[in-house]
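Good morning, and thank you for joining the group meeting.

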Amino acid sequence: MGKKLDGDRCFYCDFYFEFESTKTKDHVVPLSNGGKGLLNNTVLCCRDCNTDKANLTLQEFIWKCLNDIDFIKLYTPYNEYRINRKRRIIEKCEMLIQKK
């Protein structure tokens, strides 16, 4: 399910890591939801995605991103970059769910 913890892009949003300090490790199935600390349950991601996902399941993270898109469209000047980032996250989460 997880992915090797090396590389130069966030697994969820495809953000390019310019600095090592922006890389974090996310547990796909949160430890608080019974996930294991094993390599096959972890992905390399940016701080924003890790903070946004927190201890959510993949399905909950998808719902959060969908709500975020609606919020961005309603309450902020239309920001294509932020909306596309959320859509990439949704695609990656759906891909992981299908692999289960």
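Strands are DSSP runs of E with at least two residues, numbered from the N terminus. The model on the screen is a predicted one. With that term in hand, please find strand β1, which covers residues 23–27 and includes Asp26.

Is Asp26 buried or exposed? Asp26 counts as buried, because its relative accessibility is 2% and the cut-off for buried is under 20%.

What, then, surrounds this residue? Setting aside neighbours within four places in sequence, Asp26 is in contact with several residues, among them Asn41, Thr42, Val43 and Cys45. The side chains of Asp26 and Tyr12 are joined by a polar contact of 2.6 Å. A further polar contact, at 3.4 Å, links the side chain of Asp26 to that of Lys53.

Let us turn to the cysteines. A disulfide is a covalent bond between the sulfur atoms of two cysteines. How many disulfides does the model contain? The count comes to 0. Cys46 takes part in no disulfide, and its nearest cysteine sulfur, that of Cys49, is 3.7 Å away.

Finally, consider accessibility. Cys46 is buried, at a relative accessible area of 5%. Cys49 counts as buried too, with a relative accessibility of 0%.

Terms used:
Residues numbered from 1 in each chain as written. Predicted model: local features only at pLDDT ≥ 70, side-chain atom pairs only at ≥ 80, totals over all residues. Heavy atoms only, no water. Helix = DSSP H or I, 4+ residues; strand = E, 2+ residues; numbered from the N terminus. Buried < 20%, exposed > 50% of the residue type's maximum accessible area, 1.4 Å probe, protein only. Polar contact = N/O pair within 3.5 Å; in protein donor to acceptor, adjacent residues only side chain to side chain. Contact = heavy atoms within 4.5 Å. Disulfide = S-S within 2.5 Å.
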